[in-house]
Amino acid sequence: MAESILDFSKELDVALLDQVVMTFYTGSGTDQQRAQLLLTQFQDHDEAWTRADGILEHSKVPQTKFIALTILEKFIQTRWNTLQTESRNAIRYFVVNVVVKVSSDEVSLSKERTYLNKLNMVLVQILKQDWPRNWPSFIPEIIASSKSNLSLCENNMAILKLLSEEIFDYSAEQMTQLKTSNLRQSICNEFSEIFRLCKEVLEKATKPSLIKATLETLLRFLSWIPLGYIFETDLLQTLEKFFESQNYRNITLQCLTEIGSLSVGSNYDEKIISLFTSVMASVNNMIPPSTDFCAIYENSSDDDQEFVQNLALFLTSFLASHIKTIEQAPGTHDLLINSHYYLIKISRVEDREIFKICLEYWAQLVQALFEEGIAAVGFNPALFHAGNRPRMRKDLYEQVLSSLRVVMIERMVKPEEVLIVENDEGEIVRESLKESDTIVLYKSMKEVLVYLTNFDVADTEEIMTVKLARQMDGSEWSWQNINQLCWAIGSISGAMNEETEKRFLVTVIKELLSLVEMKRGKDNKAVVASNIMYTVGQYPRFLKAHWKFLKTVINKLFEFMHESHEGVQDMACDTFIKISQECKRHFVAQQVGEVRPFVEEIIETIDHITSDLLPQQIHTFYEAVGYMISAQTNKPSQERLISKFMYMPNRAWSSIISTIKQSDQALNNASQIKVLSNVLKTNVSACLSIGPGFISQLSQIYMDLLNLYRSVGVIVSQNVVEQVKTPKVRGLRTIKKDILKLIDTYIECANDLDTINDNMINPFCEVVLSDYNSNVDIARDPEVLDVIATIVNKLGPMMTPRISLILEATFEPTLNMITKDFAEYPEIRTGFYNMLCAINAKCFTALLELAPAQFKMFIDSIVWGFKHTMRDIADISLHICEEVINNVSRTDPNIAGAFYQSYYLSILQDIFFVLTDRDHKSFKGQTEVLARLFNLVTSNQIQVPLFELSQVSDPNITNAKFLEEYVSALLQNAFPHLQSNQIKVFVMAMLEYNTTPPKFKLEVRDFLIQLKEFAGENAELFLEEKEAEMEEKRKQEREKALLIPGMIKPSELPAMEEDEAL
């Protein structure tokens, strides 16, 4: 019965559709599932839009009407221009009439607000298609109707607001460049009438909801209307009047914020200063300057809390845009300081979003003050404190900046290095999840505090020292206070000169060490220990310059490694590895007063130091000591250190390997497998940090590694089908993965490539490739493919003779695993395409030697790759595809010609398939391959015909002409709703702009936006520019930060010259 709603040859039973909708929303079980299926099929039907009018007129269920509007909206966005003019006009009149009917009545306006909002959105979608060309009278009509009815006027404001948002805020991803430009010009041309209507409402209306709707609409206009409407009318006075009203102050303040953020010429300076003065006078009346925002905020009403946030936005936007105008105006000093003190008070409010608003402004202010000041003193921050320096802008804000230092210290958030946190129950625990928002916030706060410290080191030191003293005497002791103080101290590393830093840090560390002894209770000790470790880890320059302090700190870390409190051992190991990386040369050098290098002492006592650590922590410890050993440049001395360092793991390894040689049964022992895995992971950690010198260790165990790999592989393949999830099989597979990881880690860092090629590769291939080839699908390890990719990338053409052997062992077995679908074995997929990428890049000649059937399989696998919806697989496959085309274009013309005739058109067709399919998101790679394919033809690099003579009517046709006709036909067949002229323009653009990537991408974007498949889902098309812009911004920020003492974390600084010389 219910299925009859899908019969579009009959009139729709709206009551039945209402029943299906209600079953979906209120039913359960199979009935609900069936209703969902029916509604999905109904909405997806090509003729569903024809039912919209009947549903809107006769349905009694709001959800049904909403579905009808969604169908109609999608149709307008995607297929509007396929209709005849009469049909379009009929739909338009119908929608307008429904909107007028619902919004003309005060009761329905309020009661059916959600329905009306959706109706408005549908109307705006029609406007985007038809206005102004096919509906030139829209603006006069909406203005006239607004004057006839207050409720209608209120809704018309909402329509105008939506229209402005769609044209100016959201147009980039939904409309072509030309269409956006035309709509913007149209609304600007007719804005005077809209403005007159808004002004009239604000002057005469008394209905609160209408006034609020008008202010909300005006808010959307303020960013783009000509400035004369704002500054040369009495609009500002009108807004100031509404600002003083409790009902409208929030929306009015948003309008004033928008005005305050505008860039205006000096001719409006007087108006800007007058506006700011007037608003601040009102603010001082509403909230006296003595108000403690932090104390009252939490218990305030939603409206008051919103006002505080809006005030923060107003102050930050206005000051960011016009601070110099206000500074230079006579008699505004008190106003300036007053407004900044309000911001200081708001910055103390316990609301992260409000704090982030303020922080963004503070960062901008201190950076500007620093850059202007540094230019004035010859780019030497030390001269900020010189007595005879010129007066600077920062002097104007001296007291404000001092208050800001206190705020930054008291509000400092947790750096990512700190692993010990207070949970919601007030317990001190190890952090389980890092908050990316907190990491970003810390970076911004650190930057502000570093600038502030550069301005006035003495004030920063004084504030921090006083706060530390209050921790010691207990007057301000709390976990949060000691944490925030130490996080702030750690954040300014490098901002003081060495002498000041030494004096300050000696005080801080001595106080903290005495505090950890003084405090009772495990939680208290854990908090202080965490802060000691974080702080010392941030000051490698100090530690490098003071060996005894460095040694004391390291020994304290070794003490913490025996501390059982959750997180302390982790943090001790993490701090140890950080200090090892920064100060590694100091541990292998003979220090004054020491009988031998400290690293030897550590290696001798490694058993005791690590006795209470978990395996993962021991691996971190071994990596840390490995960095020290890597700093020993004398090869015999380094080999001696490695031998002693690896004594314990090697002893365990030899014992188990000798047992296995006697009997494979040892591999059935779970504890033996666990020990083996830990020994291998320890080797990986040591190899990672020691680097190329690790060969002295690896060469001792290499053949045993491969023999173990073979033995384990046999057991796994025998057991994996029935017991794939058992601890035994999982443990054995971990052994294989660890062996591969160790080989991969060494080859990645090795520099003696001939030795690797002569001694390591053939045994590796013999054991590992045969195991991969003969295993069942589920037992194959993706790490095998990763190691092959590393080897090929590292050895390059040396591997060419072995490529056929590698492909024979890996290619077909892997393809059989990944071509059944696009999702199973994701890691195998990634490894496979990384391997193909390496082979194509480094050993392309080996691919040309493949048999034709094998080469075709290689090309097919690349096409299969870029048909994936998994972004990483599609991206790398498109990269391989482009590189293959580039490699072919540089090879023998006969080989290239055969390749183009066999594969050019099929690759082109597949690229168009993924490009125009909304599930495939790799727009950048798709357009790059497409541009390259077109370029091959337009630059005459293809010397053979791409067509069979029997297929063309003109035997003298060129490849360029053939390509034009072929692609036009391809697109016309795929998208019959497009006009032939649209396709022709697009194809000609691709032929013309394929050497200009930005223009080529814009043309492709515009074409895709015209396709129904891409309606509303075009963010991906703009991803490349966003990523490039962010990367360039990061690069510029780093270059700037390197010039400012303390701005970059010590661990991220480039190696210092004195370190290199040691």
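**Notebook: cysteines, a helix and a buried glutamine**

I looked up Cys 749 and found that its sulfur lies 4.6 Å from the closest cysteine sulfur, in Cys 687, which is too far for a bond, since a disulfide needs the two sulfur atoms within 2.5 Å. I note here that I am working from a predicted model.

I then searched the whole structure for disulfides and found zero. Cys 687 is accordingly in no disulfide, and the nearest cysteine sulfur to it is that of Cys 749, 4.6 Å away. Are these cysteines buried or exposed? Cys 687 is buried, with a relative accessible area of 0%, whereas Cys 749 is partly exposed, with a relative accessible area of 24%.

I next checked the length of helix α36, which covers residues 670–690. With 21 residues at 1.5 Å a residue, α36 should span 30 Å, and I find its end C-alpha atoms 30 Å apart, so the two values agree. Just after α36 I came to Gly 691, which takes a positive phi of about 85 degrees.

My last entry concerns Gln 538, which I located in the loop between α27 (522–537) and α28 (540–545). Gln 538 has a relative accessible area of 3% and is therefore buried, the cut-off for that term being under 20%. Which residues is Gln 538 in contact with, leaving aside its neighbours within four places in sequence? I listed Glu 417, Gly 490, Ser 493 and Lys 578, together with Lys 1049 and Pro 1050.

Methods. Residues numbered from 1 in each chain as written. Predicted model: local features only at pLDDT ≥ 70, side-chain atom pairs only at ≥ 80, totals over all residues. Heavy atoms only, no water. Helix = DSSP H or I, 4+ residues; strand = E, 2+ residues; numbered from the N terminus. Buried < 20%, exposed > 50% of the residue type's maximum accessible area, 1.4 Å probe, protein only. Contact = heavy atoms within 4.5 Å. Expected span 1.5 Å × (residues − 1).
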